[in-house]
Amino acid sequence: MIKDINRQNGTVAGNERTLEVLHRDFPQCFTPEGLFDIGVFRSLLDGAVPVTREGYSLQFLGKGYATLVASTDTTTVIRPDDEHNSRPENRDSRNIYITGDNLDALKHLRNSYAGAVKCIYIDPPYNTGSDGFVYNDRFGYTSVQLQERLGISAEEAGRILEMTTRGSASHSAWLAFMFPRLLLARDMLTPDGVIFISIDDNEQANLKLLCDTVYGEENFIAQMVWKSKSGGANDTATIGTDHEYVLVYSMDGSNVVFNKDKYARVSTQYNREDARGRYALDRLDKQNLGYSESLDFPITGPDGRTYVVEHKDPAQKHARWRWSKSTVSERYDELVFKYPYVYTKNYEKDCGLVARSLLTEDRFGRTRTGSTDLGALFDERVFAYPKPVALIRHLISLVTSDDDIVMDFFSGSATTAQAVMQLNAMEKYGHRRFILVQCPEETKRDSEARKAGYHTIDEIGQERIRRAAKKLKDEDPKHTGDVGFKHFTLVEPDDRTFAMLEEFDPNVVIGAHNILDQFGLATVLRTWAVRDGYGLDAEFTPVDLCGYVAYLCGRHLYFVEPGLISGDEVRSIVALIDLYGSEKDFKPENVVLFGYSFTYTETEALKKNLLPLRDGIKNLRVNLDIRY
């Protein structure tokens, strides 16, 4: 568990992610000694991939350090909020809210949700100088360790430590903060997934280059412009800034498909209806589309009349049909003739426009609109400058449908959660679900939020979800969508616990049962389930082994609590072996032990009794995994 992770982190150099990909896809390029043969790699590329010796890349102080940070695992554990999660509105919810550092959260989540998230929206710190951003981390590397792991000089290592431990707000510090988070976020996206990132002029140029580095310039979709202000800024000496940006990148540009903007305001009135649905009439002839003689031909209607393109100025033809002669012939039955015009049916369900890069305030609101949205739920001004719900809802609608997962790991006041719930309600059958992460940043001591009883930002976010859910239910009592959420907190063990873990000796004959008390059964199970790929909504099935209870989740059987052997009795282990033999559907491939709970005798007895399963019962190869 944590002790194992600490040991693994001690050997990480920062290029593990790259090496993992190379080992997986190009094993023939590695020598028996584990060295990468660049010559063999080049031969594989010859003639297959266009190569250039030109180009440029984003470089900044701490780039290698940020890669190292992304490569190490988290030592936090996942503590479920059992009281909250057991409430009726939350018990079956698939929505997730995580309280904790988003870097730790992403490291946990990639084990279960890699390649599963369709849409990510984030509103990170803008590094304006007044938004409170400073980079401080807790990784505790020494100068010598950085020199050895990153292959850098003592002078550069000193500059990195100065930046990461003393609260820098430089461009390099902001980039070093964002880089590992974007790297991990990329792992979350589905092959057709999309990430939207809000930003302003302070870091927009750097963020664009950073995203080109992480996602690939070929996967850049658009830089949307949101008109965030209206009026004001008259005291500026130069130009008043009325906008912010939303950068849009895909996981793979060849896979991504954007939905039409079906909520765009369309002037057409759908006041007719047939078996296919409501529709409006749209004239087949159009002006100023570019004249084409082949699209200017007479059409004979069912009434025998001849219908022709109407030219406002016969001397200078500018009109034509929208359909070719062959299309008119093939789809003649779809045409509506009202002399002197020919119409097509424009069905309401087919309506939708291509999304635009300009996000105007009349539809998507402005900064003040976000405050108004929040004010509709809270009497106090509990959060500054939230994004408008309509803006986030629009972005999500462009790339998601059905039960897609939407993630926001800078969730703030939880606008994204409200946007997801609203969008599901608007579509009646929408089942999108959200995963939100927010660090427990303290509210300011004299703020309205603190006076209202909210001590941390995540408390505001959770309360907003509850109030937004109630508002939806009040507006539509028949609404059956998922408006609950499960809550988890990431906990870093304290120094005393770390000391206990380090001092524990697995070879002694007495287990250190008090270590389990530092975590709790539910925390160990949930942390392991996420690590093993089952997710935060995984369920555990208790398995009674003659009075000892193990917990089954998928292909893993977890042994956490002490007491596997009572005195000289090994009945629980015998019961486990019997269960493998008697229950045809019982075949967990991994038996996992919380090492601190068991004596040396117990672990050895379990190893001995599991071994025959490999050649006997069900021909299973059961892996015994003892975690510390």
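Author: Helices (DSSP runs of H or I, at least four residues) and strands (E, at least two) are numbered from the N terminus. This is a predicted model, where local features need pLDDT of at least 70, side-chain atom pairs count only at pLDDT 80 or more, and totals for chains, interfaces and linings use all residues. Residues are numbered from 1 along each chain as its sequence is written, and side-chain values use heavy atoms, without hydrogens and water.

Reader: In which loop is aspartate 402 found?
Author: Aspartate 402 is not a glycine, yet its phi is positive, near 50 degrees. Most residues other than glycine have a negative phi. The stretch that holds aspartate 402 is the loop between α15 (389-399) and β16 (405-408).

Reader: What is the phi of cysteine 546?
Author: Cysteine 546 sits in the loop that runs between β19 (541-545) and β20 (548-553). This residue is not a glycine, but its phi is positive, at about 55 degrees.

Reader: Is the peptide bond from tyrosine 339 to proline 340 cis or trans?
Author: Proline 340 lies in the loop between β13 (336-338) and β14 (341-347). Most peptide bonds are trans. With omega near 10 degrees, the bond from tyrosine 339 to proline 340 is cis.

Reader: Is leucine 22 buried or exposed?
Author: Leucine 22 belongs to helix α2 (residues 16-25). Buried means under 20% relative accessible area, exposed over 50%, and partly exposed in between (1.4 Å probe, protein chains only). Because its relative accessibility is 16%, leucine 22 counts as buried.
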